[in-house]
Each structure stands twice: as structure tokens, then as C-alpha cells.
Amino acid sequence: MLWITRFSGFFSAAMAVIVLSPSLQSFPPAAAIRSYPSPIFRKAPVVFNNGDECLSSGGVCNPSLVHVAITLDVEYLRGSIAAVNSILQHSICPESVFFHFIVVSEETNLLESLVRSIFPGLKFNIYDFAPETVRGLISSSVRQALEQPLNYARNYLADLLEPCVNRVIYLDSDLVVVDDIAKLWKTSLGSRIIGAPEYCHANFTKYFTGGFWSEERFSGTFRGRKPCYFNTGVMVIDLKKWRRGGYTKRIEKWMEIQRTERIYDLGSLPPFLLVFAGHVAPISHRWNQHGLGGDNVRGSCRDLHPGPVSLLHWSGSGKPWIRLDSKRPCPLDALWTPYDLYRHSH
């Protein structure tokens, strides 16, 4: 397969980690996380420092910073930590990356302490996200995991982050970055609010119900637009334009309609498509090799899409840490393993 040729060295090293590492344990339950300071994660193997060619990083409002937003919760914490580790390992100027971690309120202090113990010196802020903000707007979905309030935190980044933060990269917790994140940061959005890899060959109609397409008052929203599917797990967002245009309210409006009309089935994705599809600044597909979790097909293994790779994304129901721990990994799960800092038992 082509991806094996492209990733021969990386893949071989990753497979060696799996073969040589001790037997993998399941990710600890919430009770174990909350018993911190138990040694749940290893400290990052190195301190990530800027090179001489990097600009001074400073505080959160420093214009030379790269801003990255990721959610943190107990269930996906192992994935989030691996994502952060991958970004730091491949960044030329790691001290110039500022992380914005969105958490549910009751876990703020615990998760902040964990992050500081794993990544000493990491530049980050923690933001409380109250589930009540969206609980009354969430509808049932094809997977229960898609109904969690924290999935909708990306809708509120413009309100949660400091007003001086005018741009942010939003990343899901089930991915790793294998390139310098600054390259994605420098993407030009032009007049657009968000940028993301688009997939115009996808059957766009399947993201909405037949009732949606049969009602002109709904389907008419795409009139004059060429809507393409994009995955909301990797987005570059112009927060200044977002705030000015009131885009959080626009998304909430569609969520309110969904509560009574049932116009889609896929959680937090369709409202973004309704507001932004056809108005997205296209980004190279290398920045979201998505679907590695098999989408919504349990036990499905996927290959990489053709072309270069800068980001691997296990979107879907199959997460690499769960499949590895259960001794049923997919081949590409080996590419996630080198960034895993969970402390395995011997």
C-alpha cells in the first residue's frame, strides 16, 4: 500500500513500540483519574524549548503565538495528551504554541494539575464550559458519544477565549499532528470565518434527513452556495470575524430548529455545515486524514487517503487507545502509539 511506503520508517518504529512495550491496560476509569496524584501519565520525555530562530512568545496576547484549542475530559484525556505531545514534538517553536483547554467545570482543578505535571512549562489556560450552556439544545444522535455537551464547546470559543485571541486552531482529542503546527496556523482564510479541508466528492445530502431536503424553508439555506462536507475536528477559526458576525447564535438557531423538526442525526457537525458549508476557506487534505476510527462502523479499519500527511485523525467510533488496549488494533493505530504518555502497568 502507498501509505506504507510513505511512512515506512515511522511505521516500523511505531510497531516496535507496540511489540516491545508491556501489555497494555485499559484507560483508567474516572475514579482513578480523580485519585490523582497517582502516576496515571508519564512526564513528557523532554522539555520543549524554542530554537534561536523563534520569536519571543510572551503571554496569551502576544501576537507571535500560535493558539490551539482542545477539550479535556476524563474519557478522552489520553487522546488529548497524545495530541498535545505530538504537536510539541513536531513544532519548530514549541514555546510559541499556546494551548486553550476547554473543560467541564467540576474537573477544572484536577485536569489543570495533571497537565502541569505532564508538560512542565507548557503555555496554557483552562476554561470552564458549563454543560447547561447547550444541554437544552442537544438532540439525540446516532452515537451517544456525540451527545456530550463538551462536543459543542467549539461553538463557544469566541466567548470563552480572551478577546485578544483573534485566531485559533481547533483540534479534536483523537488525532496526532506529524508536522509543524505553525504551517497550519499560517493558512490564509481570506474573507472566510473558518478554514478546513473540504471533501466535495462526499454525498452531502446524507448529512440531513429527507424532511430537511423536502422543505424549502430548510434546504433553501444552501441556495447560491456550493456546499461541501468538512470535518469540524480540525478548523482554523477567525474569532474576530466570528464575534462580529454573531456566529454562535447562528449555530444555536439551527440547533433549536433541530429540537422540534429533526432535520439531521449527527450531533454537532450539521449545524456547522448549515452555517458554513460553501463558505469555507479550503485547506490541504494533508491536515485532516480523518475517518481512521472507522466513522460509525464498529471494528472498521481504514487506510490513509492518497497524498502527503500532516495530521492523522481517528474520527469515528474506533479510538486507537481502546483498540490497542483490547489487543484488536488497526494497522494505522501504530502511528498513534509513539505519542501516548499513559503509564502502562508492567
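## What covers helix α12?

Which elements cover the buried residues of α12? Among them are α7 (157-160), α10 (216-219), α11 and α13. Keep in mind as you look around that this is a predicted model.

The residues being covered are Tyr247, Thr248, Ile251, Glu252, Trp254, Met255, Ile257 and Gln258, which are buried in α12. An α-helix has 3.6 residues a turn, so residues three or four places apart point the same way. Just past the end of α12, Arg262 takes a positive phi of about 50°.

Back at Tyr247, there's a charge to look at too: the charged end of Arg250 sits over the Tyr247 ring, 4.2 Å from its centre.

In soluble globular proteins, nonpolar side chains tend to be buried together. Here the largest nonpolar core has 52 residues, and the members touching the most others are Leu157, Ile194, Phe208, Phe230, Ile237, Trp242 and Phe276. Helix α13 is the top contributor to this core, with six residues.

Take Leu157 as a way in. Leaving aside residues up to four places away in sequence, Leu157 touches Ala69, Ile102, Val168, Tyr170, Ile237 and Leu239. There's also a second, separate core, this one of 44 residues, including Phe41, Leu72, Ala83 and Ala281.

Aromatic pairs come up a lot: the structure holds 23 of them. Take Trp242 and Phe276, whose ring centres are 5.5 Å apart with the planes at 35°, so this pair counts as tilted. Trp242 belongs to helix α11 (residues 239-245) and Phe276 to helix α13 (residues 269-276), so the pair ties together parts that are 34 residues apart in sequence. Trp242 is buried, with a relative accessible area of 2%, and Phe276 is buried with a value of 2% as well.

Another tilted pair is Trp321 with Trp336, at 5.6 Å centre to centre and 40° between the planes. Trp321 sits in helix α14 (residues 320-325) and Trp336 in the segment after α14, so to speak a link between distant parts of the chain, 15 residues apart. Both of these tryptophans, Trp321 and Trp336, are buried.

## A cluster and one more charge

Tyr199, Phe204, Tyr207, Phe208, Phe212, Trp213, Phe218, Phe222 and Tyr229 form one aromatic cluster. Elsewhere, the charged end of Arg167 sits over the ring of Trp185, 5.8 Å from the ring centre.

How values were computed
Residues numbered from 1 in each chain as written. Predicted model: local features only at pLDDT ≥ 70, side-chain atom pairs only at ≥ 80, totals over all residues. Heavy atoms only, no water. Phe/Tyr/Trp six-rings, centres within 6.5 Å; stacked < 30°, edge-to-face > 60°. Helix = DSSP H or I, 4+ residues; strand = E, 2+ residues; numbered from the N terminus. Buried < 20%, exposed > 50% of the residue type's maximum accessible area, 1.4 Å probe, protein only. Lys NZ or Arg CZ within 6 Å of the ring centre and 35° of its normal. Core = buried A, V, L, I, M, F, W, Y, C linked by side-chain atoms within 4.5 Å. Contact = heavy atoms within 4.5 Å.
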